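Here's a quick briefing on a few spots in this model. Have a look at the structure first, then read on.

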Amino acid sequence: MDAFAIYRLPHASQCTLVGQYSVPEALPELKLLDGKRGFVIAPFTPCGESPIIVLRPDVVRQCACSEVEKLQDLPYHLWEGNLPYIPASRDAYQDDFGRFHRAFSAIGVQKLVLARCADVWHGDKIDSVRLFTLACEKYPEAFVTLFSAPQCGSWLIATPELLLAQDGDRWRTMALAGTMPASEDVPPWSEKNVQEQAYVAQYIKDRLDRYSDEVTSSGPYTTRAGQLAHLRTDFTFMLRHDVAVGELLDALHPTPAVCGMPKEEAHRFILDNESCDRSYYSGFSGPLNMDGGTAMFVTLRCMCITRDRYRLYAGGGILPQSEEAMEWQETSAKMHSMLSLID
């Protein structure tokens with residue numbers, strides 16, 4: 001195999017290995033996913049350095065999550081380039097936050113999502129499959145995947161957010177936004193979190209109405225993902241017969257949960273002003289048209305595994321009433337999902 005992905009769907013006890021005997025196909029835009037089959041990892045913004053990758057299922061095997069560590073000779077691709085070290089420094093984040101916060105009056109956006117990344121050294125001792133197994137154990141409600149290909153290196157993802165899934169003739173997605181520490185007695189959600197979640201839910205509803213005549217929703221309600229709680233609204237719908245999956249993915253991604261509102265203005269501002277190169281963070285991944293189904297998940301809790309370090313990513317929604325200290329704490333809590341696997 002030249003590339004592989006191991007993934008486990010939420011609450012499943014079985015894992016699936018997908019392998020390809022050649023370099024996977026790289027695509028420049030989401031609409032080109034129409035008619036494709038395999039495992040997909042897509043970046044926040046497709047570009048030459050971070051293309052959409054479709055791993056053809058030359059090999060498909062299933063095993064219990066407890067037996068994944070028996071897999072041998074997987075083709076890990078670790079980043080070998082001159083990757084500058086990024087400490088978990090607050091200075092760069094403070095500069096980004098100030099720039100993002102000024103954008104509300106400067107360009108009139110309603111919401112922006114600010115991301116950051118930080119590096120943790122590991123030397124040369126890497127057991128990626130063990131990290132995958134730990135993520136499955138710690139986060140049963142998450143979609144967990146370990147993906148490795150020449151074009152993107154190796155990534156470990158454990159995300160709670162569904163972007164698009166197929167259940168027979170019906171499809172599902174969700175609006176997941178708002179974050180606070182999980183506890184048995186969840187306190188009332190702040191106005192900032194409620195407003196942020198409402199932006200995401202309305203955006204998804206508006207987009208789905210363009211491609212479906214039958215959209216139902218439930219929520220918002222509180223859901224737990226690891227040590228964090230989020231506000232969530234679920235959507236189910238029927239796709240019109242003339243709509244292709246690639247077209248729908250292109251319409252949905254990136255949602256305001258990882259980008260902002262309005263989408264086009266927020267997306268451009270992020271690309272021009274965010275100091276963190278998101279790469280595949282806040283993109284999506286999952287099986288496409290495999291076994292008759294599709295399940296794509298937003299790449300939230302994740303890290304890139306390189307030859308000498310792990311690069312962790314996190315982000316949070318910024319509104320006019322946001323405070324830098326609170327947003328820093330939120331991104332730190334989100335990074336802990338991956339950090340807890342390597343401590």
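Not counting residues up to four places away in sequence, Ser128 touches Tyr76, Leu146 and Ile305, where contact means heavy atoms within 4.5 Å. Keep in mind that this is a predicted model: local features need pLDDT of at least 70, side-chain atom pairs count only at pLDDT 80 or more, and totals for chains, interfaces and linings use all residues. Residues are numbered from 1 along each chain as its sequence is written, and side-chain values use heavy atoms, with hydrogens and water left out.

**Ser128**
- You'll find Ser128 in helix H2 (residues 128-138); helices (H or I, at least four residues) and strands (E, at least two) are DSSP runs, numbered from the N terminus.
- Ser128 counts as buried because its relative accessibility is 4%; buried means under 20% relative accessible area, exposed over 50%, partly exposed in between (1.4 Å probe, protein chains only).

**Strand E15 and its partners**
- Five of the five residues of strand E15 (residues 284-288) are buried, so E15 is largely enclosed by the rest of the structure.
- E15 pairs with strand E4 (residues 38-42) in the antiparallel sense over five bridges; pairing takes at least two bridges found by DSSP between two strands.
- In that pairing, Pro287 of E15 sits opposite Phe39.
- E15 also pairs with strand E16 (residues 295-298), in the antiparallel sense over two bridges, and there Ser285 has Phe297 as its bridge partner.

**Met261**
- Met261 belongs to strand E14 (residues 260-261) and, at 15% relative accessibility, counts as buried.
- Beyond its neighbours within four places in sequence, Met261 has contacts including Val109, Tyr199 and Pro256.
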